[in-house]
Amino acid sequence: MSQLVRTRITSREEPAPGFCLIEFYAPSLARAAQPGQFVHIRCGEGSDPLLRRPISIHAVNRRDGLVRILFQVVGRGTALLARSGEGMIDVMGPLGRGFSRGQACRNCNNSSGNAPAGTGNTGDIIVVGGGIGVAPLHFLLQEIAGSGESGRTTVLLGARSAGQLLIREAVEKMGFVVHVATDDGTAGHHGPVTGLLANALRRHPGFVYACGPAPMLKTVCALLAEAGVPGEVSVEERMACGVGACLSCACRVRDAGGRETYRRACVDGPVFPAGEVVW
Amino acid sequence: MNLAVNLGGIKMKNPVATASGTFGFGLEYQPYIDLQRLGAIIVKGTTPSPRAGNPPPRIAETPSGMLNAIGLQNPGVDRVVEEILPRLAGLGTPVIVNIAGDTVEDYALVARKLDGAPGVVGLEVNISCPNVKKGGIQFGSDPRSAAEVTRAVKAATGLPVIVKLSPNVTDIVAMAEAVAEAGADALSMINTLLGMAIDVDRRRPVLGNVTGGLSGPAVRPVAVRAVWQVYRAVSLPILGMGGIMTARDALEFILAGATAVAVGTANFVNPRATVEVVEGIEQYMRENGFTDINELTGLAQRNVAGC
């Protein structure tokens with residue numbers, strides 16, 4: 001269950017200019033957290049900026065009770081968090097519905113690893129992230145590696161330039177095959193990471209996990225629909241309460257009956273089935 | 001020490017309620033607080049039919065405040081009565097339902113369906129939502145329309161009726177007098193202030209709805225002033241709200257004339273805000289030698305010469 005804790009920051013780093021990695025001590029939060037979930041953090045003591053900032057969980061160390069968040073400094077709130085001096089942090093979490101696991105195997109539904117009749121898809125997994133959207137995927141990849149599935153998982157990472165491929169090294173160390181794309185061509189494919197995804201989908205993966213800026217996710221969803229591959233995307237919306245009460249973080253989705261409706265990114269998401277989100 | 005108050009026939013064990021729209025249907029905050037500690041829970045605005053709400057973005061942060069334009073998203077009164085209220089009824093905390101509609105008949109219909117619903121001790125009539133095209137604020141800015149809605153709701157229910165006033169009027173006292181005359185049992189004030197924000201980089205309004213309602217500490221002085229003015233003119237009990245973050249903020253409203261208070265936006269910042277306000281009021285009373293919260297209502301009025 002989610003909880004409210006005021007706790008100690010154990011480390012703060014700047015993995016690249018304009019990005020911040022904070023680690024804090026919260027054992028029960030670390031135990032409960034699932035990949036794709038987020039924590040809701042106060043930026044300071046005063047009333048300006050007023051609202052908490054939802055930040056996805058980047059990594060947990062359950063043995064030592066540590067949680068890591070990785071975020072981009074984009075405004076006053078995140079700037080305050082990045083330099084909050086007193087060494088304490090006010091955190092609510094874990095919140096939201098994260099990535100579902102085991103989907104690829106279910107879609108494959110064939111223990112021999114051969115393509116199931118009808119779908120033609122394998123049990124392979126693709127994890128695709130762009131920009132700061134890679135933050136929660138790192139946690140997901142930790143879990144995938146922990147369950148011994150790194151061998152059948154391909155990781156695609158996109159960033160503006162080589163210096164901002166934030167999780168590349170860490171993910172390679174976990175044993176994943178990583179392909180990268182940069183907007184400026186300083187590393188890997190010159191262009192959006194969705195270009196790599198289009199190629200990878202030709203190998204009929206069983207499931208795709210994605211997180212990144214909205215235009216990227218829109219393309220991801222279109223590519224998945226075209227290829228007939230199931231997947232999940234983690235969306236970002238402006239959020240106030242974080243617990244499902246205020247209905248601020250409305251995400252437009254198509255329900256089972258095909259009707260468009262709003263769901264709350266904070267409790268119904270932030271991870272949604274790729275086929276449900278209306279862009 | 002007595003913290004209990006009577007808000008127009010609604011008995012509350014302490015003067016602290018949750019403001020409509022900020023507390024969902026109550027259960028969302030259960031992981032963080034004991035809901036039984038609350039004086040009352042005021043649940044989300046409820047309309048005759050389900051409403052999808054406004055397109056996102058629905059909120060924008062502003063200096064010491066926020067704009068919202070949710071657009072009265074709710075599952076409709078039938079589902080509220082059948083599915084949501086029964087879950088709240090077991091809590092032992094009085095539930096007040098905020099009601100809204102496009103027409104006078106809408107308000108009466110919702111009121112009728114809520115009459116006798118389990119756990120419901122009163123209705124808060126939302127004639128002040130700035131975020132829907134019809135209804136809402138249009139009833140809240142004209143004294144005659146406000147009185148008409150009040151009369152219709154009173155005729156449709158045996159429950160105490162609180163009318164929620166908008167600050168987006170020239171003369172809030174005239175509005176209060178009109179709904180008092182029409183039979184309101186209490187007044188709730190204030191709803192949000194109409195505002196807007198523009199994204200300078202994208203050169204367009206931030207909110208999908210263009211305009212929204214401003215809440216948070218930024219609006220508190222406006223709200224305290226409104227309570228002060230209305231308390232002097234109208235004898236109905238007042239539920240004061242607008243940017244209450246702490247017990248001291250709540251006490252400003254009570255000293256200005258509020259019988260009870262509601263905590264809204266603060267829930268987003270501190271999910272324990274309501275309970276901390278209750279505890280802080282108790283501490284203030286102990287430290288200052290008060291034994292009954294009702295002694296504090298309007299006390300600041302009596303300390304002003306010539307008032």
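User: How many residues does the contact take from chain B, and how many from chain A?

Analyst: This is a predicted model, in which local features need pLDDT of at least 70 and side-chain atom pairs count only at pLDDT 80 or more, while totals for chains, interfaces and linings use all residues. Residues are numbered from 1 along each chain as its sequence is written, chains are lettered from A and ligands numbered from 1 in the order in which they are written, and side-chain values use heavy atoms, with hydrogens and water left out. Contact means heavy atoms within 4.5 Å. On that basis the contact takes 36 residues from chain B and 28 residues from chain A.

User: What is the area buried between chain B and chain A, and which three residues of chain B supply more of its share than any other three?

Analyst: Buried area is the accessible area (1.4 Å probe) that two parts lose on being put together, summed over both. Between chain B and chain A that area is about 2500 Å², and carbon and sulfur atoms give 63% of it. Of the area that chain B buries against chain A, 25% comes from three residues, more than from any other three: Y32(B), E61(B) and V269(B).

User: Which side chains meet in a salt bridge?

Analyst: A salt bridge needs a side-chain nitrogen of Lys or Arg within 4 Å of a carboxyl oxygen of Asp or Glu. The count between chain B and chain A is 1. With 2.6 Å from N to O, the pair is R53(A) and E61(B).

User: Are α6(B) and α7(B) roughly parallel or roughly perpendicular to each other?

Analyst: Helices (H or I, at least four residues) and strands (E, at least two) are DSSP runs, numbered from the N terminus. Axes are lines fitted to C-alpha atoms, for helices over the stretch in contact, and angles run from 0 to 180 degrees between N-to-C directions. Helix α6 (residues 220-233) and helix α7 (residues 247-256) of chain B pack at about 20 degrees, with axes 8 Å apart. Angles under 35 degrees count as roughly parallel, over 145 as roughly antiparallel, 65 to 115 as roughly perpendicular and the rest as oblique, so α6(B) and α7(B) are roughly parallel.

User: How do the residues of the contact of α6(B) with α7(B) divide?

Analyst: From α6(B) come R220(B), A223(B), V224(B), V227(B), W228(B) and Y231(B), and from α7(B) D249(B), E252(B), F253(B) and A256(B). Ala, Val, Leu, Ile, Met, Phe, Trp, Tyr, Cys and Pro count as nonpolar, Asp, Glu, Lys and Arg as charged, and the others, Gly among them, as polar. The contact of α6(B) with α7(B) therefore has no polar residues, 3 charged and 7 nonpolar.

User: Are α7(B) and α9(B) roughly parallel or roughly perpendicular to each other?

Analyst: The axes of α7(B) and helix α9 (residues 273-288) of chain B come within 8 Å. They cross at roughly 70 degrees. α7(B) and α9(B) are therefore roughly perpendicular.

User: Where is P94(A) found?

Analyst: The peptide bond from G93(A) to P94(A) is cis, with omega near -5 degrees. P94(A) belongs to a strand of chain A, covering residues 88-95: β6.

User: Which residues does L166(A) touch, not counting those up to four places away in sequence?

Analyst: L166(A) lies in the loop between β8 (153-159) and α5 (168-173) of chain A. Its touching partners are P15(A), A16(A), F19(A), L70(A), I132(A) and V134(A).
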